[in-house]
Amino acid sequence: MRSVRKPELSAGGVWFGRCFLSSGAIFWLTLFCMLTSGRLMSAVLLSAALHEGGHLCACRLLGVRVRAVRITFCGAELLLEELRRPLQRLAVAAAGPGVNLLCAFAAALAFPQQAWAQLFAGASLILGLFNLLPIPPLDGGRILLSLLELAGLGAGAEGVFHYLVTVLLVLALVPGVTLALEGNLSLLLLVLWLLFQQRAA
């Protein structure tokens with residue numbers, strides 16, 4: 001979550017009010033529509049919308065100004081004014097996956113016999129847990145950094161944070177490579193993407 005001026009996002013996408021939709025996101029949505037059923041598409045999109053809605057509600061409650069919402073091939077990102085307090089950053093970051101997990105359990109318990117509700121519960125659970133991974137640019141990475149700052153590490157929190165993230169990603173390469181040798185590249189590609197995102201952050 002960072003502040004970016006509107007003109008900096010204007011290339012390769014379109015604006016809808018304060019929401020920027022990149023050409024990569026349009027391509028991903030088109031491909032997703034072609035390869036999945038309407039039920040799965042609606043469950044995933046609703047889960048993603050509720051996730052961002054959780055972040056937005058937290059910002060509203062804390063009085064944090066949202067400058068824009070950017071949707072790219074890699075997902076959605078809120079561009080906020082600077083959050084100076086670690087507890088504030090923690091609350092905003094945790095709100096998105098928190099809403100996903102609440103919705104997942106509510107849907108699973110309230111509508112155990114409805115196929116779409118269970119599909120929505122699964123999509124919400126996966127999205128919530130994935131975003132809780134303690135790796136940037138995911139919400140879990142922001143949560144971990146905020147907790148390190150709240151633990152009193154001060155200026156050293158960021159150094160410890162990047163060290164921990166690097167160790168986790170290097171360890172994750174082992175099962176990633178193992179699965180890749182068996183023909184499943186998904187985990188390896190995910191770990192490599194997260195490593196790239198960390199270096200680009």
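**Sheet, helix packing and cysteines in the predicted model**

Strand β3 (residues 66–72) and strand β4 (residues 75–80) run antiparallel and are joined by 6 bridges; strands (E, at least two residues) and helices (H or I, at least four) are DSSP runs, numbered from the N terminus. The model is predicted, so that local features need pLDDT of at least 70 and side-chain atom pairs count only at pLDDT 80 or more, whereas totals for chains, interfaces and linings use all residues. Residues are numbered from 1 along each chain as its sequence is written, and side-chain values use heavy atoms, with hydrogens and water left out.

Strand β2 (residues 19–22) pairs with β3 in the parallel sense over 3 bridges, pairing being assigned where DSSP finds at least two bridges between two strands. Here Cys 19 has Val 69 of β3 as its bridge partner.

Together, 4 strands make up an open sheet of order β1-β2-β3-β4 with mixed pairing. β1 (13–16) and β4 stand at the edges with a single partner strand each, so one side of each lacks a neighbour in the sheet. On average, neighbouring strands of this sheet are turned by 20° against each other, direction ignored. Helix α2 (residues 38–62) packs on the sheet, where it touches β3 and β4, and its direction makes about 10° with that of β4. Axes are lines fitted to C-alpha atoms, for helices over the stretch in contact, and angles run from 0 to 180 degrees between N-to-C directions.

Helix α3 (residues 86–110) packs against helix α5 (residues 139–153) at an angle of about 150°, with the axes 8 Å apart. The two helices are therefore roughly antiparallel to each other, a term applied to angles over 145 degrees. In α3, Pro 86, Leu 87, Arg 89, Leu 90, Ala 93, Ala 94 and Pro 97 meet Asp 139, Arg 142, Ile 143, Ser 146, Leu 147, Glu 149 and Leu 150 of α5, contact being defined by heavy atoms within 4.5 Å. By class, this contact has 9 nonpolar, 1 polar and 4 charged residues.

The structure holds 0 disulfides, a disulfide being a pair of cysteine sulfur atoms within 2.5 Å. The closest cysteine sulfur to that of Cys 57 belongs to Cys 59 and is 9.3 Å away, too far for a bond. Cys 103 is likewise in no disulfide, and the nearest cysteine sulfur, that of Cys 57, is 11 Å away.

Key. Angles under 35 degrees count as roughly parallel, over 145 as roughly antiparallel, 65 to 115 as roughly perpendicular and the rest as oblique. Ala, Val, Leu, Ile, Met, Phe, Trp, Tyr, Cys and Pro count as nonpolar, Asp, Glu, Lys and Arg as charged, and the others, Gly among them, as polar.
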